[in-house]
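Student: I'd like a close look at one spot in this model, and then at how the rest is built around it. Could you take me through it in one go?

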Amino acid sequence: MSRLEVVSPIPGVFYRKPDPDSPDFVKPGQQVGADDTVGLVEVMKSFYPVPAGAAGTVVEFAADAEAVVDAGQPLVVLEVDA
């Protein structure tokens, strides 16, 4: 198995959940598909979903919830089949 870093496509604020009252999109240990949303990046009141990009297991978050992130910054680490 190998690890894949899911990175932010744009600079903004990273959110792990769709709204304050909802659970996180994903949690460590959870299986995800390539098209599954692992978080949102908000810029200027617009929210952009961040897809996993590959099927695998969530290992950890590389960015804190509501952290300001740059484009290309790792957000989530996945373990994927090589």
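Student: Leaving aside its neighbours within four places in sequence, which residues is Val 76 in contact with?

Tutor: Quick caveats before the list. This is a predicted model, so local features need a pLDDT of at least 70 and side-chain atom pairs count only at pLDDT 80 or more, while totals for chains, interfaces and linings use all residues. Numbering starts from 1 along each chain as its sequence is written, and side-chain values use heavy atoms, with hydrogens and water left out.

Now the list: Val 76 is in contact with Leu 4, Glu 5, Val 6, Phe 14, Val 38, Val 58, Glu 60, Phe 61 and Ala 62. Contact here means heavy atoms within 4.5 Å.

Several of those names come back in the core. The largest nonpolar core holds 17 residues, and Val 76 is one of those with the most contacts inside it, along with Phe 14, Val 38, Leu 75 and Leu 78. Such a core is a set of buried Ala, Val, Leu, Ile, Met, Phe, Trp, Tyr and Cys residues joined through side-chain atoms within 4.5 Å. Buried means under 20% relative accessible area, exposed means over 50%, and partly exposed is in between, with a 1.4 Å probe and protein chains only. S4, strand S6 (56-61) and strand S8 (74-80) each give two or more residues to this core, and S8 gives the largest share, four residues. Strands are DSSP runs of E with at least two residues, helices are runs of H or I with at least four, and both are numbered from the N terminus.

Five of its seven residues are buried, so S8 is largely enclosed by the rest of the structure. Strand S1 (residues 2-7) pairs with S8 in the antiparallel sense over six bridges; two strands count as paired if DSSP finds at least two bridges between them. In that pairing, Glu 5 stands opposite Val 77 in S8. S6 also runs antiparallel to S8, joined by four bridges, and Leu 78 in S8 is the bridge partner of Val 58.

For the cut-offs, rings of Phe, Tyr and Trp (its six-membered ring) pair if their centres lie within 6.5 Å; planes under 30 degrees apart are stacked, over 60 edge-to-face, and the rest tilted. Phe 14 sits in strand S2 (residues 12-15) and Phe 61 in S6, so the pair ties together parts that are 47 residues apart in sequence. Both Phe 14 and Phe 61 are buried.

The other pair is Tyr 15 with Phe 47: centres 5.8 Å apart, planes at 55°, so tilted as well. Tyr 15 lies in S2 and Phe 47 in S5, so this pair ties together parts 32 residues apart in sequence. Tyr 15 counts as partly exposed because its relative accessibility is 23%, and Phe 47, at 47%, is also partly exposed.

Four strands are ordered S5-S4-S2-S7 with antiparallel pairing. S5 and strand S7 (68-69) stand at the edges with a single partner strand each, so one side of each has no neighbour in the sheet. Strand S4 (residues 37-43) pairs antiparallel with S5 over six bridges, and Val 43 has Ser 46 in S5 as its bridge partner. Lys 45 is in the loop between S4 and S5, with a positive phi near 70° in a residue other than glycine. At 73% relative accessibility, Lys 45 counts as exposed.

Zooming out, the protein has zero helices and eight strands. Its radius of gyration is 12 Å, close to the 12 Å from the globule rule for 82 residues, so it is as compact as a globular protein of that length. That radius is taken over C-alpha atoms, and the rule is 2.2 Å times the number of residues to the power 0.38. Buried residues are 35% of the 82. Among contacts with a separation of 6 or more, 61% link residues 24 or more positions apart.
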